[in-house]
Amino acid sequence: MAPATAHALDRWLETEAATRDRSDHTITAYRADLLAFLQFLGGYWAEAVSPAALARLRQADMRAFAASERGRGLGARSLARRMSAVRSFLRWISDREGMDLSAALSTRSPKYTRSLPRPLTPLQAQDTLDSVAAHATPWVGARDLAVLTLLWGSGLRISEALALNGTDWPFPQGLIIRGKGSRERQVPVLPVARDAVAEYLRLCPWGHRTDQPLFRGVRGGRLTSAAVEGAMRLARAALGLPASATPHALRHSFATHLLAAGGDLRTIQELLGHASLSTTQVYTGVDDARLMAVYHAAHPRG
């Protein structure tokens, strides 16, 4: 890759972060996507890829890249995201350099079927919390229980729970969370979650400090997602739950259980911090039996 192309890539990523409010995670993923594409082109064309060279991109080149990625084992969903990032970069550089890249930009992404989330039942979720709490080290069990209670009780992403700091405690009734794309939302904190965090802090050997992370690892640093995933893995094994029972499944469970209880989809969207209702609508396919029961009970001809 030519230095000018590397510079252009950096500029595009800066633009995405500044003007489209992309998260650090998204920017890292975009960089990996574009590096994979540009490195492929360098080998495919047998030359360093400069911005000017991109002007000769055609559908055949894009299809060759897609075929190469599929051959390396990249799934359809991941490839669709990668191709979307590549097209975004190409649109930006075509505007910046005055190039016509319409042929390359017309390449379609692979189709894929979005899989439905696999939430836990309320009983499975409660059993999971009980299992992680029964840790050999009481304060670690209390910590894992507090984190997972926030995921299930408030719909937090694991990254959002672990990003909480000592200054966030004690929790107000409505906790302000900064999620993907730096979007802020207010989530309710149930008394049971507040009590779980209080018990964890009472037992935690590191204590509560406003200049430190709220959830601490065994060595005192910020708790990692790997540690929480490990606790869930042990709970799965103990309870005989499927591999889909992950920390993120508790966030899915939060949304699904609210929907099953009659929650409004728009409200659930706000609580989850989804930018688009279409992202939240995936949950409507989870409980078809309940929806059909409501239909037959309520419709005049049911």
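Helix H7 gives the most to the lining of the second largest pocket, with four residues. The model is predicted, so that local features were considered at pLDDT of at least 70 and side-chain atom pairs at pLDDT 80 or more, whereas totals for chains, interfaces and linings use all residues. Residues are numbered from 1 along each chain as its sequence is written, and side-chain values use heavy atoms, with hydrogens and water left out.

The second largest pocket has a volume of about 240 Å³. Pockets and cavities were located on a 1 Å grid over the protein atoms alone: a cavity is a set of points where a 1.4 Å probe fits but cannot get out, and a pocket is an open set with protein on both sides within 12 Å along at least five of seven lines. Lining residues have an atom within 4 Å of a point. Grid points are joined across faces, edges and corners, and the volume is the space filled by probe spheres set on the points. Twelve residues line the second largest pocket, and Thr-149, Trp-152, Gly-153, Leu-190 and Val-192 lie nearest its centre. At least two lining residues come from each of helix H6 (122-133), helix H7 (138-154), helix H9 (191-203) and helix H11 (247-260). Helices (H or I, at least four residues) and strands (E, at least two) are DSSP runs numbered from the N terminus. The lining comprises eight nonpolar, three polar and one charged residues, where Ala, Val, Leu, Ile, Met, Phe, Trp, Tyr, Cys and Pro count as nonpolar, Asp, Glu, Lys and Arg as charged, and the others, Gly among them, as polar.

Nine aromatic pairs are present in the structure. Rings of Phe, Tyr and Trp (its six-membered ring) pair if their centres lie within 6.5 Å; planes under 30 degrees apart count as stacked, over 60 as edge-to-face and the rest as tilted. One of the pairs is the tilted pair of Phe-40 and Phe-65, with 5.5 Å centre to centre and 55 degrees between the planes. This pair links distant parts of the chain, as Phe-40 belongs to helix H2 (residues 24-45) and Phe-65 to helix H3 (residues 59-71), 25 residues apart. Phe-40 counts as buried because its relative accessibility is 16%, and Phe-65 counts as buried at 0%. Buried means under 20% relative accessible area, exposed over 50% and partly exposed in between (1.4 Å probe, protein chains only). Ring pairs also join Trp-12, Tyr-30, Phe-89 and Trp-92 into a cluster. Arg-56 lies over the face of Trp-45, 4.1 Å from the ring centre; the criterion is NZ of Lys or CZ of Arg within 6 Å of the ring centre and within 35 degrees of the ring normal.

Helix H4 (residues 76-97) contains Arg-81 and also Leu-79. The 22 residues of H4 reach 31 Å from the first C-alpha to the last, close to the 32 Å expected at 1.5 Å a residue. The expected span is 1.5 Å times one less than the number of residues. Leu-79 is buried, with a relative accessible area of 2%, and its C-alpha lies 7.2 Å from that of Ala-66, 13 residues apart in sequence. Arg-81 is partly exposed at 39% relative accessibility; its C-alpha is separated by 8.5 Å from that of Asp-33, 48 residues apart along the chain. Just after H4, Gly-98 takes a positive phi of about 70 degrees.

Helix H10 (residues 225-239) has 15 residues and spans 21 Å from first to last C-alpha, close to the expected 21 Å. Its buried residues include Val-228, Met-232, Ala-235 and Arg-236.

Ala-46, in the loop between H2 and H3, has a positive phi near 60 degrees although not a glycine, and is exposed at 69% relative accessibility. Ser-106 occupies the loop between helix H5 (102-105) and H6 and is partly exposed, at 40%. A cis peptide bond, with omega about 5 degrees, joins Trp-169 to Pro-170. Pro-170 is located in the loop between helix H8 (158-162) and strand E1 (174-178).
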